[in-house]
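Dear colleague,

Please find below the structure that I am handing over to you. My notes on what was found in it follow directly after.

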Amino acid sequence: MHPDPGTAREPELTKGQAMKSLVGQLLVATPNLRDPNFERTVVLLVAHEANGALGVVLNRATEVPVGEVLTGWQALASEPAVVFEGGPVQPEAAICLARARPGLAAGRSGFSRVDGLIGTVDLSGDPESFKEDLQEVRVFAGYAGWASGQLEEEIATGSWLTFASLPGDAFDPRPDNLWQMVLRRQGGLIAAVAHYPSDPALN
């Protein structure tokens, strides 16, 4: 069972030890991760509980305009205003990330806060009703999901690096550069990973 997107919970106890919640954090694929679903991806975690984790891939834009699949939401969509491939799980399902305007009322119906001003939006709502509350949105088809303990194991074995996210990461106008950009801003040896060739044989 996958956790409910946008539901951020306190860390729970698992096998007698506290699990550190990574909600709102970025997962950045290391060069070791060769799974084509996640190679060179940046994932924002929107749920992380004892029974698993859920996130959306931020840097895989499609060529499908938001307006073609969701009437009315294109006016709020950040550039590029297209649908993104959120991950391999339930690609027919849509998840909408949004950046709220400062001062958004707590408990605003249809908006579930993930971290700071970032949250998920119920796409069944009227987009007109959100125009005063949201700065921008981005729509994802599908999501990335992990069973209990699976993500922690993948991090421990070197498939992912975890970093704090910035509010603009999920809405970057140049998503193709996001993998390199997030690595570079860490500085030091981690920044050098950004220059790792996509095909080591060509190095």
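**A pair of strands and its turn**

Strands β9 (residues 111–115) and β10 (residues 118–121) run antiparallel and are joined by 4 bridges. Two strands count as paired if DSSP finds at least two bridges between them. Helices (H or I, at least four residues) and strands (E, at least two) are DSSP runs, numbered from the N terminus. Within this pair, Ser112 stands opposite Thr120 of β10. The two strands form a hairpin with 2 residues between them, and Gly116 in the turn has a positive phi of about 60 degrees.

Arg113 also belongs to strand β9. Its side chain reaches the backbone oxygen of Gly116 at 2.6 Å. This is a polar contact, that is, a pair of N or O atoms within 3.5 Å; within protein, one must be able to donate a hydrogen and the other to accept it, and residues adjacent in sequence count only if both atoms are side-chain atoms. Arg113 is partly exposed, with a relative accessible area of 37%. Here buried means under 20% relative accessible area, exposed over 50%, and partly exposed in between (1.4 Å probe, protein chains only).

**How the model was treated**

Please note that this is a predicted model: local features need pLDDT of at least 70, side-chain atom pairs count only at pLDDT 80 or more, and totals for chains, interfaces and linings use all residues. Residues are numbered from 1 along each chain as its sequence is written, and side-chain values use heavy atoms, with hydrogens and water left out.

**The chain as a whole**

The chain has 4 helices and 12 strands. Of its 203 residues, 42% are buried. Among the contacts (heavy atoms within 4.5 Å) with a separation of 6 or more, 66% are between residues 24 or more positions apart.

**Salt bridges**

The structure holds 5 salt bridges, each being a side-chain nitrogen of Lys or Arg within 4 Å of a carboxyl oxygen of Asp or Glu. One of them joins Glu136 to Arg99, with the closest N and O atoms 2.5 Å apart. Glu136 lies in strand β11 and Arg99 in strand β8 (residues 89–100), so this pair ties together parts that are 37 residues apart in sequence. Both Glu136 and Arg99 are buried.

Another salt bridge links Arg185 and Asp169 (2.7 Å, N to O). Arg185 lies in the loop between α3 (178–184) and α4 (188–193), and Asp169 in the loop between β12 (160–164) and α3, so the pair ties together parts that are 16 residues apart in sequence. Arg185 is partly exposed, with a relative accessible area of 33%, whereas Asp169 is buried, at 3%.

Glu128 and Lys131 also form a salt bridge, their closest N and O atoms being 2.9 Å apart. Glu128 is exposed, with a relative accessible area of 51%, and Lys131 is partly exposed, at 32%.

Arg138 is found in strand β11 (residues 134–147). The side chain of Arg138 does reach the backbone oxygen of Glu79 at 2.9 Å. A polar atom of the Arg138 side chain also lies 3.1 Å from the backbone oxygen of Asp172. Leaving aside neighbours within four places in sequence, Arg138 is in contact with residues including Phe84, Ile95, Leu97 and Phe171.

Yours sincerely
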